[in-house]
Amino acid sequence: MARFVLLGALLAFASSVASQQAVYQQCGGLVVQLALEDRLSSDYFQCLPGSASSSSASTTSITTTTASSTTRSTTTTTTTTTTSTTSTTSVPSSTPSNMSPEWQAAYTKAQAAVQKLSLQDKVNLATGVGWQNGNCVGNIPAISSISFPGLCLEDSPLGVRYADNASAFPPAINVAATFNRTLMRQRGVALGAEFRGKGVHVALGPMMNLGRVAAAGRNWEGFGGDPYLSGEGAYETIMGIQSNGVQATAKHYINNEQEHFRSSSSSNVDDRFAHHSHDTSLSLTILLADQQSGLSFSHQQEVNGSFACENDKTLNGILKGEFGFPGYVMSDWSATHSTTSVNEGLDMTMPGDITLGSGTTYFGSSLVSAVQSGSVPQSRVDNMALRILAAWYLMGQDSGFPPVNFDAWNLNTAVNTHVNVQADHKNVIRDIGAASTVLLKNVGNVLPLKAPRSIGIIGNAAGAGSKGPNGYTDRGGDDGVLAMGWGSGTANFPYLIAPSDAITTRAQTDGTTISSSLSDTDLNAAAAAAQGKDVALVFITADSGEGYITVEGNAGDRNNLQAWHSGDALVAQVASINSHTIVVVQSVGPIIMEPWINNANVTAVVWSGLAGQEAGNALVDVLYGAYNPSGRLPYTIAKAATDYSAQVITSGSGTVQIPYNEGLFIDYRHFDQANIAPRFEYGFGLSYTTFQYSSLSVSGSSGAGTAPSGLGSSLDPWLHTNVITVSFSLTNNGTVAGHEIPQLYLALPASANSPPKSLKGFDSVFLTPGQSTTVTMQLSRFDLSIWDVVNQRWSIPSGQTGILIGASSRDIRLTGSITN
């Protein structure tokens, strides 16, 4: 898929909530990067001319009600419109009218520089030097005539890959679980500082693909199953990274949601799904960043039958046209398929060669020849160079940017000065680890622990791996504490705190006796460690990653949603021995808990997810109450794998077809639409205290008017101006200080054929016992809109839109409505 490099000057942002104390085969982002073999059909999106329809003025009526708990169950159907319309859209050459002042200044500098470049220079700007031919995983050569030092592009979304003395942050899935914009931003800032400290110009993250399929291998690199939360998480990450003058990459553009057949499949989607699911998260990211991003990344699969890196509709028509995106589109590694892909919107090929190490390229001399023969216009190459240089200038990388000081392929070469870039980042890593921990069950307030006399610690994931934290290439092994998945989205751990070590340290303070069995399969030893203990902690895992590595028979995607290493049997054994069994889950995503979740002796379940290098310490913070758990699930945990709306496709030949038949109904939106009871719903999480919601107020109106179409239309201010204000009172009516995560969902009119509810707001609010505050959230016309596939614009459906405020997607506390 494509990757977008989202570049931007740091905008002033006042956060309202503080946090509590081997083979590289990825494809594309914004910068924009595109994926290896992904294809998009030329008629992927309808491109019907249609004149703007008039919209009469509307008066919005508002109704509010309060309920202790309300669950909305509505069945809707989707209507898919398909056309065979094809068109060729030239790369937008005009500057979008809504381009930010920072971009305008960067374009001015870039235009002056481009005038000094030869054709070969311009092509070199767009052509990687080849696999392992530079210090970084991707490299653009220097151009001395404009004092351009070249570009270093480096993984990953959670840390500087293939480098030493750098941090291993929690991945995006755990960041999403915090529902805390402050922590999202702080992590981005720390990531940006580390990439800059290593001399990296372009950080290959964040990953923005949705968790469409629960077992998909790379879900943990992204922000879960909802496009709104994904957009917010990506925005905060990007703005944090770019505050340090490092280009961020929004990847993968678009529909890259499984590892099986990644280089030989076609993701077949309709126009409305693409806009509501993938383009919504991207639109929010670009809009919120005030178009301060410069890069997008395209992926490997096809979409509707044509390669993602050379799809005119998605790249020129949608991204550069509808979004008015001024940055550049980069291919994923080996995702470029022709020289003329530049005519369809691709701006940079990575790593430069056609296949890794081939020494051949579709760009380079081939692109020079294409310009000379007339098959690629000179103006197109000028535009590519302009976009790439503008992103470089936008980040201020033309002045004072440090040189690359590491070699991704050999840490013993002279360029490696082993710069330590970790600073105090372990603190935000630990904060996120704690804030992302989700308490799923807590019978009889067994947690927090209160200096128990004895603890049993059971399970391999409680301890250190047998080969050390970096013993498996690109973390391709499930051995010891699980703190990230595997693949190119990883980084080396500078250290990794195991839960058993952190718990033992705390136990020494309390005088607690510890017994342990760090085996997943020795059930007799597990029973012995649990026997007679005040509490027994049993650790289980589920792992996944990128498809170029197979771990225990799992080729990237998970084979199933069961706990690994017979985790269910381990829990059952411990629970049969100890009536205060606490299950700790380290997982890339949902697992099926039905074999043991209702066991009376399983008194607590703590969902650690993937907590990064401070995993053990973060867990102890929650177990002992130093941090009141505030994590919320960024996906639904089902009772059965078949309850999800889509599954990994594991068989096929040729170009394997991946139908997105579920349309908009993924994750909680499917469970709501199909009236399926989940085990734990999206947005769910317990606390050591309780919160009361009251006094809902809704004001404002969507007003009159019609959304525009054309260049920059999806980011038009008319769509994104806040027009509805929602406020309510939130009170900590318990006995412990902590964060509540209020969530705002919209229920659009039935005529919209939309999910029963969709997330459109959230906050993380810290309250002391007895303290109350007023929480305010705002909605724009975009939030109220659906994509009109006929007129190719956003429109606000007529009728009543429900406004639902709750503690999760199924724990709705306050309800109101507006009528458009």
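Trainee: How much accessible surface does the protein have, and what share of it belongs to carbon and sulfur atoms?

Mentor: Keep in mind that we're looking at a predicted model. The accessible surface comes to about 24700 Å², and carbon and sulfur atoms account for 48% of that.

Trainee: And how many of the 820 residues are buried, as a percentage?

Mentor: Buried residues make up 65% of them. The chain is built with 17 helices and 31 strands.

Trainee: That's a lot to look at. Let's take a sheet. In what order do the six strands of the open sheet run?

Mentor: General idea before the case: strands of a sheet pair through backbone hydrogen bonds, either parallel or antiparallel. Here the order is E14-E19-E18-E17-E15-E16, and the pairing is mixed.

Trainee: Which strands stand at the edges?

Mentor: Strand E14 (438-442) and E16 do. Each has a single partner strand, so one side of each is left without a neighbour in the sheet. As for the twist, it averages 15° from one strand to the next.

Trainee: Can we zoom in on E15? Which strands do bridges join to E15?

Mentor: E15 covers residues 454-458. Five bridges join E15 to strand E16 (residues 513-517), and the two run parallel. Four bridges join E15 to strand E17 (residues 535-542), again in parallel. You can check this by finding partners: Ile 458 has Ser 517 as its bridge partner in E16, while Ile 455 stands opposite Val 535 in E17.

Trainee: What lies between E15 and E16 in their β-α-β unit?

Mentor: Helix H11 (residues 499-510) belongs to that unit, together with E15 and E16, and the unit is right-handed.

Trainee: Are the faces of E15 covered or open?

Mentor: In a regular strand the side chains alternate between the two faces of the sheet. For E15, Ser 454, Gly 456 and Ile 458 are on one side, with Ile 455 and Ile 457 on the other. Both faces are covered, and five of the five residues are buried.

Trainee: Now the rings. How many aromatic pairs does a search of the whole structure find?

Mentor: It finds 17. A pair of aromatic rings is described by the distance of the centres and the angle of the planes. Take Phe 179 and Tyr 682: they are edge-to-face, 6.3 Å centre to centre, with 75° between the planes.

Trainee: Why does that pair tie together parts that are apart in sequence?

Mentor: Phe 179 is in the loop between helix H3 (172-178) and helix H4 (181-197), and Tyr 682 is in the loop between helix H15 (668-673) and strand E21 (691-700), so the pair links parts 503 residues apart in sequence. Phe 179 counts as buried because its relative accessibility is 0%, and Tyr 682 is also at 0%.

Trainee: Which residues do ring pairs link into a cluster?

Mentor: Phe 179, Tyr 228, Tyr 668, Tyr 682, Tyr 745 and Phe 762.

Trainee: Where do Arg 181 and the charged end of Arg 669 sit?

Mentor: Arg 181 lies over the face of Phe 762, 3.9 Å from the ring centre. The charged end of Arg 669 is over the ring of Tyr 668, at 5.9 Å from its centre.

Notes: Residues numbered from 1 in each chain as written. Predicted model: local features only at pLDDT ≥ 70, side-chain atom pairs only at ≥ 80, totals over all residues. Heavy atoms only, no water. Buried < 20%, exposed > 50% of the residue type's maximum accessible area, 1.4 Å probe, protein only. Pairing = 2+ DSSP bridges. Right-handed = clockwise from strand over helix to strand, strands pointing away. Areas by Shrake-Rupley, 256 points an atom, 1.4 Å probe, with all protein chains shown as cover. Phe/Tyr/Trp six-rings, centres within 6.5 Å; stacked < 30°, edge-to-face > 60°. Lys NZ or Arg CZ within 6 Å of the ring centre and 35° of its normal. Axes fitted to C-alpha atoms, helices over the stretch in contact; angles between N-to-C directions.
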